[in-house]
Amino acid sequence: DNYKGSLLLLLVSNLLCKNVASLPICPSGAVNCQVSLRDLFDRAVILSHYIHNLSSEMFNEFDKRYAQGRGFITKAINSCHTSSLSTPEDKEQAQQIHHEDLLNLVLRVLRSWNDPLYHLVSEVRGMREAPDAILSKAIEIEEQNKRLLEGMEKIVGQVHPGVKENEIYSVWSGLPSLQMEDEDSRLFAFYNLLHCLRRDSHKIDNYLKLLKCRIVYDSNC
Amino acid sequence: MKYNVASTVVFMLLLFLNIRLLNGESPPGKPTIFKCRSPEKETFTCWWSPGTDGGLPTNYTLTYHKEGETITHECPDYKTSGPNSCYFSKKHTSIWTIYIMTVNATNKMGSSTSDPRYVDVTYIVEPDPPENLTLEVKQPEDRKPYLWIKWLPPSLVDIRSGWLTLQYEIRLKPEKAAEWETHFAGQQTQFKILSLYPGQKYLVQVRCKPDHGFWSKWSQESFIQIPSDFTMKDTTVWIFVAVLSAVICLIMVWAVALKGYSMMTCIFPPVPGPKIKGFDTHLLEKGKSEELLSALGCQDFPPTSDCEDLLVEFLEVDDSEDQQLMPAHSKEHPGQGVKPLHLDPDNDSGRGSCDSPSLLSEKCEEPRANPPTFHTPKVIEQPENPQTNIPFTCNPHSISMEGKIHYYHAGGSKSSTWPLPQAAQHNPKSPYHSVDDMCALATLLDKAGKDALRSSKTIETGGEEKAEKQKEMERFHPKTEQGTAWLLPQEKAHFISAKPLDYVEIHKVNKDGALSLLPKQKENSDQTEKPGALEISKEYAKVSRVMDNNILELVPDPRAQSVVLFEASAKEAPPSCQQNQAEKDLACFTATPSNCTHPQGGLDYLDPACFTHSFH
């Protein structure tokens with residue numbers, strides 16, 4: 001009875017109090033929960049920051065090396081597979097969304113990139129004149145992305161445990177494009193993939209920093 | 001008329017056309033969007049550069065559409081960011097979205113459109129410089145002073161929500177320095193500088209960078225004057241240094257005081273004064289002439305040229321002419337060598353009247369040697385020559401000797417005929433004295449009161465010639481006072497007649513009391529000397545003991561020739577002279593070296609004959 005009572009109280013408080021800030025993060029109220037959440041967020045932010053740096057460098061190198069004068073940017077409009085995920089487009093939108101939703105969104109984006117990153121590594125290896133810098137970064141990003149995913153799942157498990165949503169993610173279908181024989185098409189496929197990776201990694205990083213300041217530091221970074 | 005009007009109109013038209021062409025009016029050139037920037041990732045601005053305006057007022061419009069949309073928008077704000085700019089407010093700004101925008105220039109003549117520019121706000125973030133840069137010199141009591149720099153993030157950037165994360169960098173330099181000193185400050189809005197030069201004026205600037213953006217411009221320069229008197233602790237350090245140096249100075253002064261002299265001599269070695277080699281002036285003061293003269297060390301045999309210069313040419317007695325006389329020496333053997341018939345009138349070897357050419361005759365040959373030797377001791381006695389102030393210690397044991405000495409002095413002073421003053425003058429220069437002289441003198445003095453002739457007879461081994469000499473001596477010396485004195489030369493003559501004089505040079509006196517003798521180089525047929533014994537090798541006579549008054553008691557040396565003689569002499573010990581003779585011999589022995597230690601560096605001679613005669 002006590003357990004059911006507390007759960008009921010939690011649900012009621014969730015419905016009544018839409019103010020995100022007042023919602024307790026750790027339902028059990030344990031001190032350990034708060035401390036470990038801070039560490040988890042700190043680590044998550046470090047990872048996300050690192051992944052975006054790698055992605056940005058990788059894109060710049062590819063752009064400088066293969067995409068000069070080809071006008072790929074003109075074609076890489078609205079071509080990311082994760083654009084179906086409704087993500088906030090500015091600060092106000094991001095501040096209005098609930099932190100749980102935001103956390104779930106981060107998870108979805110991260111999960112959406114598991115497959116593309118895997119293929120990116122394998123396809124870059126098979127590239128003519130395989131550039132070591134791009135390949136090494138691709139490998140690193142894939143590795144770190146997995147870790148970040150694990151960390152986020154832990155955070156989610158702490159923030160609102162017991163709620164396991166369906167694993168929603170965007171499916172990537174760009175593999176055939178990476179394997180096209182036409183060099184120009186193939187290069188554009190890579191360019192597009194790297195472009196989308198740079199953007200999504202930035203989104204993840206930005207969202208996590210917002211969440212960290214909001215959850216851990218109470219919007220007072 | 002029509003022709004004129006038509007031409008005029010044509011001309012005017014042409015003119016207008018030409019004017020327009022001459023004015024350069026043309027459609028505007030193509031503008032270019034050269035920069036887009038967002039200061040806080042919430043708004044952004046794009047600037048374009050117009051092309052040629054074509055000489056006409058040109059209107060610029062910026063149009064854009066966003067990624068995923070098809071609607072074309074026009075720039076919402078042309079004013080906020082200045083001319084040729086377009087400002088996108090928060091409402092119009094979307095992050096993670098590509099903007100495709102173009103600028104359109106239009107004038108009367110035409111229009112032109114710029115190339116499209118693809119802009120994603122995510123990647124054009126460049127914040128404003130940090131604000132409120134404050135500088136403060138902090139001097140805590142227990143720590144080093146430092147410069148505390150504080151600033152605030154740019155006002156537009158939202159840090160609190162975490163929308164942007166800024167990192168800062170500061171730089172500072174002394175006012176006149178050329179290079180900046182840059183420090184990365186991370187995400188903190190303060191910084192402490194420890195290494196500062198006191199008394200300098202510093203310039204400080206700060207800038208910031210978003211987590212994935214561009215560095216801002218440097219802020220305005222802030223100035224701070226570092227106080228020269230930086231900390232009170234410096235005074236303490238100076239006091240400590242002063243005390244330490246005072247202590248060190250005291251230690252040095254104390255060390256110098258203790259060992260000042262040795263240090264001074266080490267640093268400033270005393271200038272050596274003039275010094276005669278082997279000559280110690282202190283010995284002069286003490287009056288120990290033996291040591292003095294020994295120090296001079298006429299050790300060279302044959303003598304050096306210095307010694308030679310001091311030498312007086314002596315009479316050389318030719319051995320061939322008169323066997324009784326001592327064979328002639330070479331000049332290398334300074335000593336009382338008597339050379340018969342080779343008298344040099346200029347020879348100033350301290351001879352008496354007998355030595356003068358007029359007086360000298362064959363008769364006087366023998367005594368000739370004596371006067372110089374006779375007088376020499378006298379001269380030595382005279383105190384006028386301090387260097388020769390050698391106490392006459394021929395027979396120290398006899399008190400009568402002393403009396404005799406005095407007598408002798410008196411005799412010496414009185415005698416005017418013989419010795420000649422000439423001889424007296426030259427005597428100091430002659431450092432060479434035969435042992436015979438001394439022995440004779442000693443004998444004479446000891447036998448005071450006795451018949452000199454008799455004593456001489458006892459001493460001498462002589463023969464007829466000796467008697468002759470005695471008579472000759474008596475002839476020259478009628479005075480009884482000097483009779484005894486004259487006996488000496490007679491005895492000496494006898495000595496000489498008895499056997500050829502044989503001089504042995506004392507090479508040196510070593511510590512053990514041994515006298516190293518050097519036989520004269522010329523052989524003499526002296527029977528007392530063993531043939532072949534004469535070598536230039538050194539002959540040593542060891543002193544067994546030294547008696548009180550500087551008498552050396554010799555020890556017979558089986559190797560030395562002279563010692564052999566000595567031994568022989570000892571065995572033969574004549575009855576007349578036994579102990580006394582022995583003593584006299586010893587005395588002679590001692591006297592001679594003392595006489596020989598003449599300041600002029602004379603060589604010492606020991607006549608083995610002395611020992612021989614005394615015992616016969």
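Which cysteine does a disulfide join to Cys80(A)? I looked this up in what is a predicted model, and found that the partner is Cys196(A), with an S to S distance of 1.9 Å. I then checked the torsion about the S-S bond of Cys80(A) and Cys196(A), which comes to about -100°, so I recorded this disulfide as left-handed. As for where the two ends sit, Cys80(A) lies in the loop between helix H3 (72-75) and helix H4 (91-96) of chain A, while Cys196(A) belongs to helix H9 (residues 183-216) of chain A, so the pair ties together parts that are 116 residues apart in sequence. I also noted that Cys80(A) and Cys196(A) are both buried.

How many disulfides does a search of the whole structure find? My search over all chains gave four, and I remind myself here that a disulfide is a covalent bond between the sulfur atoms of two cysteines.

The next one I followed runs from Cys213(A) to Cys221(A), where the S to S distance is 1.6 Å. The torsion about the S-S bond of Cys213(A) and Cys221(A) is about -115°, so this disulfide is left-handed. Are its two ends, Cys213(A) and Cys221(A), buried or partly exposed? I found that Cys213(A), at 5% relative accessibility, counts as buried, whereas Cys221(A) is partly exposed, with a relative accessible area of 36%.

I then turned to chain B, where a disulfide joins Cys36(B) to Cys46(B) with an S to S distance of 1.7 Å. The torsion about the S-S bond of Cys36(B) and Cys46(B) is about 115°, so I wrote this disulfide down as right-handed. The pair links distant parts of the chain, since Cys36(B) is in strand E1 (residues 32-37) of chain B and Cys46(B) is in strand E2 (residues 44-49) of chain B, 10 residues apart. Cys36(B) counts as buried at 9% relative accessibility, and Cys46(B) is buried with a relative accessible area of 0%.

I looked up two further cysteines of chain B for their accessibility. Cys208(B) counts as buried at 0% relative accessibility, whereas Cys249(B) is partly exposed, with a relative accessible area of 46%.

Which residues does UniProt list for "binding site"? The record, an unreviewed entry, gives His49(A) and Asp205(A). They span 157 residues in sequence, yet no two of their C-alpha atoms are more than 5.7 Å apart, so they gather at one spot.

I took His49(A) by itself next, and found it in helix H2 (residues 31-66) of chain A, where it counts as partly exposed at 23% relative accessibility. Leaving aside neighbours within four places in sequence, His49(A) is in contact with Asp205(A) and Lys209(A), and also with Asp211(B) and His212(B) of the other chain letter.

Asp205(A) lies in helix H9 of chain A, and I noted that this residue is buried, with a relative accessible area of 1%. Not counting residues up to four places away in sequence, Asp205(A) touches Val45(A), Ser48(A), His49(A), Asp211(B) and His212(B). With which side chain does the side chain of Asp205(A) make a polar contact? My last entry is that this contact is with the side chain of Lys209(A), at 2.9 Å.

Methods
Residues numbered from 1 in each chain as written. Chains lettered and ligands numbered in written order. Predicted model: local features only at pLDDT ≥ 70, side-chain atom pairs only at ≥ 80, totals over all residues. Heavy atoms only, no water. Disulfide = S-S within 2.5 Å. Helix = DSSP H or I, 4+ residues; strand = E, 2+ residues; numbered from the N terminus. Buried < 20%, exposed > 50% of the residue type's maximum accessible area, 1.4 Å probe, protein only. UniProt positions renumbered as here; feature names shortened; annotations may be inferred. Contact = heavy atoms within 4.5 Å. Polar contact = N/O pair within 3.5 Å; in protein donor to acceptor, adjacent residues only side chain to side chain.
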